[in-house]
Amino acid sequence: MRASQDELKRQVAAAALENLAPRLSPGCVVGVGTGSTTNHFIDLLGGVGGQFGAAVSSSVASAERLTGHGIEVIDLNEADSLVAYVDGADEVALDNALIKGGGGAHTREKIVAAAADHFICIVDESKLVDTLGTFPLPVEVIPMARGSVARRLRELGGDPRHRADFITDNGNDVIDVHGLLLNDPAAWEALINNIPGVVENGIFAANRPQTVLVGSPSGVTLRE
């Protein structure tokens, strides 16, 4: 019987913990992301809490889940270093560039990922694409700039749509941009981030993961 998507997520989360284990030491700090696949990883991480010191979370929701497993959550400013950052993605391109932010946490995710010694991305095979852009690109914006940012994104060829009834953990709005073909992710990441009023967009190209673990019915494959 074919494995369900949730089973694939659990499978790749277990592979991430196995990949992470050699990096763990008493007192070290682990960065943890946000989302359904990451939730499985958090649940597994709770079983090895004695092997590391604390965690830094990219969202309030993940922090609460970590705390529920007895894992100490600290602010990034309190951490001298992070041995690794583990998180999922909404799309993964052939060169391991990502789109993230379906849950609206991409700004904090990008900050924590950049602070880590190693970025491990965990996905099921449905997230693999040849070119980024089928998944709408999340852009976090200062509320007063939402209209002007949307106009600029429209000029760039996108179809920007305000994510209604949603506020990020940073107190900002999110615009989801449909219809962009992100064939040069690094250039698009820089271009959009240079629009006044943009806090951060969901392209992870300048700081893409060093390791991508992909769950499929035939097992987990590693891409580096």
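**Notebook: a walk through the model**

**Entry 1: N193.** I began at N193, which, leaving aside its neighbours within four places in sequence, is in contact with K110, V198, E200 and N201. I note here that the model is a predicted one. N193 belongs to helix 6, which covers residues 185-193. Is N193 buried or partly exposed? With a relative accessibility of 26%, N193 counts as partly exposed, because buried would require under 20%.

I then looked up its polar contacts. The side chain of N193 meets the side chain of E200 at 2.6 Å, and it also makes a polar contact with the side chain of N201, at 2.8 Å. I checked R208 too: N193 and R208 are 15 residues apart along the chain, and 16 Å separates their C-alpha atoms.

**Entry 2: F204 and its lysines.** K110, one of the contacts of N193, turned up again here. Its charged end sits over the ring of F204, 5.0 Å from the centre. K100 lies over the face of F204 as well, at 5.7 Å from the ring centre.

**Entry 3: the rings.** How many aromatic pairs does the structure hold? I found 2 of them. A pair of rings is described by the distance of the centres and the angle of the planes. For Y85 and F119, the centres are 5.4 Å apart and the planes make an angle of 55 degrees, so this pair is tilted. The pair links distant parts of the chain, with Y85 in strand 3 (residues 84-87) and F119 in strand 6 (residues 119-124), 34 residues apart. Both Y85 and F119 are buried. Ring pairs join Y85, F119 and F204 into a cluster, and that brought me back to the ring under K100 and K110.

Entry 4: I looked next at an open sheet of 3 strands, whose order is 4-5-11 and whose pairing is antiparallel. Which strands stand at the edges? They are strand 4 (91-92) and strand 11 (203-204); each has a single partner strand, so one side of each has no neighbour in the sheet.

**Entry 5: S57.** S57 sits in strand 2 (residues 54-57). Its relative accessibility is 15%, so I put S57 down as buried. What does its side chain reach? I noted the backbone oxygen of S59 at 2.8 Å and the backbone nitrogen of A63 at 3.1 Å. Not counting residues up to four places away in sequence, S57 touches V32, S62, A63, L66, V73 and V112.

**Entry 6: helix 2.** Which residues of helix 2 (residues 36-45) are buried? My list reads T37, T38, H40, F41, I42 and L45. I then looked up what covers them, and the cover includes helix 1 (5-20), strand 1 (29-32), helix 3 (60-68), strand 3 and strand 6.

**Entry 7: cysteines.** How many disulfides does the structure hold? I found 0. C28 has a relative accessibility of 8%, so C28 counts as buried. C121 is buried too, with a relative accessible area of 0%.

How values were computed. Residues are numbered from 1 along each chain as its sequence is written. This is a predicted model: local features need pLDDT of at least 70, side-chain atom pairs count only at pLDDT 80 or more; totals for chains, interfaces and linings use all residues. Side-chain values use heavy atoms; hydrogens and water are left out. Two strands pair if DSSP finds at least two bridges between them. Helices (H or I, at least four residues) and strands (E, at least two) are DSSP runs, numbered from the N terminus. A disulfide is a pair of cysteine sulfur atoms within 2.5 Å. Buried means under 20% relative accessible area, exposed over 50%, partly exposed in between (1.4 Å probe, protein chains only). Rings of Phe, Tyr and Trp (its six-membered ring) pair if their centres lie within 6.5 Å; planes under 30 degrees apart count as stacked, over 60 as edge-to-face and the rest as tilted. A charge sits over a ring if NZ of Lys or CZ of Arg is within 6 Å of the ring centre and within 35 degrees of the ring normal. A polar contact is a pair of N or O atoms within 3.5 Å; within protein, one must be able to donate a hydrogen and the other to accept it, and residues adjacent in sequence count only if both atoms are side-chain atoms. Contact means heavy atoms within 4.5 Å.
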